[in-house]
Amino acid sequence: MPPDGAPEGPALDSSLRRACDALQLEVSLPQQAALLAYLGLLRKWNATYNLTAVRQPDRMLTHHIVDSLCVVAPLRRHLQTATVRHVADAGSGAGLPGAVLALMCPDFHVTCVDSVGKKVAFVRQVAAEVPIPNLRAVHSRLERLREPRSEVITSRAFATLADMVEATRHLLAREGVWLAMKGKLPTSEIAALPADVEMFHVERLSVPGLDAERCLVWLRHKAAL
């Protein structure tokens with residue numbers, strides 16, 4: 001970690017602000033400071049626990065934080081009229097996008113689920129130290145997890161769509177949706193979805209500073225005939 005006052009801090013702060021402006025995402029100064037605090041913890045823990053293969057702070061910001069910020073507006077839009085807002089992040093790893101969503105949406109209850117203990121320990125530390133009161137982390141395999149059902153289940157770089165659905169369908173509210181972050185449109189994965197699940201929307205994403213394809217794939221249970 002660089003010493004306080006090193007040029008790196010202001011540069012990351014400026015990069016984050018530009019990315020949020022590009023996303024037309026309103027971010028308060030406390031939220032911006034919290035996002036950078038989360039990034040600082042990720043860098044610190046990554047030196048020992050290898051939470052992510054991305055090492056450079058500017059790339060961590062773009063590939064992880066800003067990439068996750070792209071989901072905030074679509075999620076807010078979907079849940080704006082909901083009275084209950086529970087989000088489960090499947091295979092959350094270091095809390096991506098779950099921790100970012102919890103930080104940006106304090107009226108949502110976000111649960112990050114992962115089977116790797118060190119990653120869950122990291123997310124718990126983030127929730128306590130940043131702090132993010134509406135964030136919790138659970139150490140479990142998804143198939144064995146017994147939790148109240150969530151209105152939204154998110155995933156990022158986690159399994160195929162069919163595998164994600166089968167591992168989490170018992171955790172999703174009947175009228176809920178799956179929100180899967182993908183790179184290129186996963187046409188073959190969509191074709192392999194279970195018969196009772198449908199893709200109802202694909203949202204193309206443009207991640208500021210990242211020259212790569214990104215999309216959100218929205219899934220839900222098919223309506224009974």
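**Exercise 1.** Leaving aside its neighbours within four places in sequence, with which residues is Y38 in contact?

*Solution.* The structure is a predicted model, in which local features need pLDDT of at least 70 and side-chain atom pairs count only at pLDDT 80 or more, while totals for chains, interfaces and linings use all residues. Residues are numbered from 1 along each chain as its sequence is written, and side-chain values use heavy atoms, with hydrogens and water left out.

Step 1. Apply the criterion for contact: heavy atoms within 4.5 Å.
Step 2. With neighbours within four places in sequence set aside, the partners of Y38 are I65, A94, G95, L96, A99, V100, F122, V126 and V130.

**Exercise 2.** Describe how α2 and helix α6 (residues 117-129) are arranged.

*Solution.* Step 1. Axes are lines fitted to C-alpha atoms, for helices over the stretch in contact, and angles run from 0 to 180 degrees between N-to-C directions. The axes of α2 and α6 come within 11 Å and cross at roughly 150°.
Step 1. Helix α2 is therefore roughly antiparallel to α6, a class for angles over 145 degrees, as against under 35 for roughly parallel, 65 to 115 for roughly perpendicular and the rest for oblique.
Step 2. Y38, L41, L42, W45 and Y49 of α2 make the contact with K118, A121, F122, Q125, V126 and E129 of α6.

**Exercise 3.** Characterise the surroundings of T52.

*Solution.* Step 1. T52 lies in the loop between α2 and α3 (57-69).
Step 1. Because its relative accessibility is 11%, T52 counts as buried.
Step 2. Leaving aside neighbours within four places in sequence, T52 is in contact with L42, N46, M60 and H64.
Step 3. The side chains of T52 and H64 make a polar contact (2.8 Å), that is, a pair of N or O atoms within 3.5 Å; within protein, one must be able to donate a hydrogen and the other to accept it, and residues adjacent in sequence count only if both atoms are side-chain atoms.
Step 4. A polar atom of the T52 side chain also lies 3.1 Å from the backbone nitrogen of V54.

Technical notes. Helix = DSSP H or I, 4+ residues; strand = E, 2+ residues; numbered from the N terminus. Buried < 20%, exposed > 50% of the residue type's maximum accessible area, 1.4 Å probe, protein only.
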